[in-house]
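Here's a quick tour of one protein model, written for someone who likes to know the cut-offs. Have a look at the sequence and the coordinates first.

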Amino acid sequence: MSRKRFVIEMGMGVDQHGQEPTVAAARAVRNAIAHNALPGIWEVAGLSDPNQMIVDVQVAVPYPDQVREAEVLAVLPFGRKTLKVEAGGMVVQGRAIASLNDKNDEMLVAVASVTVWIETPEER
């Protein structure tokens, strides 16, 4: 079997309070998939189950070593999922608000790409 890209979506997410890179990353992934439908998975690619798609997620976020992978991938409803997290995104100075349990005044910005792959028979 070989893989063919079916769709690539991009998104951005922010955690304004709380300084949680996982929150920013999950929001970026949710933003990437928020406005799509993939009827071609059935009608063009011929899959019978949405969990047959392969979904590769790449996220660039500040403090990537703090990202909780399972929470980010839980945003995706279907597919065989993988996540690659790397340093990137942005730290923006905001306003620390004690009642929101801010640790500091950082707002964390993450960017994400979500690529859906379909396995196809080898071409000769």
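What follows covers the ground rules, a helix, the core, the salt bridges and one aspartate.

## Ground rules

This is a predicted model, so local features need pLDDT of at least 70 and side-chain atom pairs count only at pLDDT 80 or more, while totals for chains, interfaces and linings use all residues. Residues are numbered from 1 along each chain as its sequence is written, and side-chain values use heavy atoms, with hydrogens and water left out.

## Helix α1

Let's start with α1 (21-33). Helices here are DSSP runs of H or I with at least four residues, strands are E runs of at least two, and both are numbered from the N terminus. Helix α1 has 13 residues and spans 19 Å from first C-alpha to last, close to the 18 Å expected; that expectation is 1.5 Å times one less than the number of residues.

Buried residues in α1 are P21, T22, A24, A25, A26, A28, V29 and A32. (Buried is under 20% relative accessible area, exposed is over 50%, and partly exposed lies in between, using a 1.4 Å probe and protein chains only.) Their cover includes β1, β2, α3 and β5, with contact meaning heavy atoms within 4.5 Å.

## The nonpolar core

A nonpolar core is a set of buried Ala, Val, Leu, Ile, Met, Phe, Trp, Tyr and Cys residues joined through side-chain atoms within 4.5 Å. The largest one has 26 residues, and V29, V57, V59, L76, V114 and V116 have the most contacts inside it. At least two residues of this core come from each of α1, β2 (54-61), α3 (69-73) and β5. In soluble globular proteins, nonpolar side chains tend to be buried together.

Take V59: leaving aside residues up to four places away in sequence, V59 touches A25, V29, L83, K84, V85, E86, A110, V111 and A112.

## Salt bridges

The structure holds seven salt bridges, each being a side-chain nitrogen of Lys or Arg within 4 Å of a carboxyl oxygen of Asp or Glu. One of them pairs R27 with D15 at 3.9 Å, N to O. R27 counts as partly exposed because its relative accessibility is 40%, whereas D15, at 4%, counts as buried.

E20 and R68 also meet, at 3.2 Å. E20 sits in the loop between β1 and α1 and R68 in the loop between β2 and α3, 48 residues apart. Then there's E119 with R80, at 3.3 Å, joining strand β5 to strand β3 (residues 80-87) across 39 residues. Both ends are partly exposed: E119 at 33% and R80 at 39%. Shared partners also join E20, R68, E71 and K103 into one network.

## D102, a buried charge

Where is D102? D102 lies in the loop between β4 (90-93) and β5 (106-120). D102 is buried yet has no salt bridge, and the nearest side chain of opposite charge, K103, is 8.0 Å away. For charges, Lys and Arg count as positive and Asp and Glu as negative, with His and the chain ends not counted.

What does the D102 side chain reach at 2.8 Å? The backbone nitrogen of G18. Setting aside residues up to four places away in sequence, D102 touches H17, G18, Q19, R95, A96 and I97.

Definitions and conventions. Polar contact = N/O pair within 3.5 Å; in protein donor to acceptor, adjacent residues only side chain to side chain.
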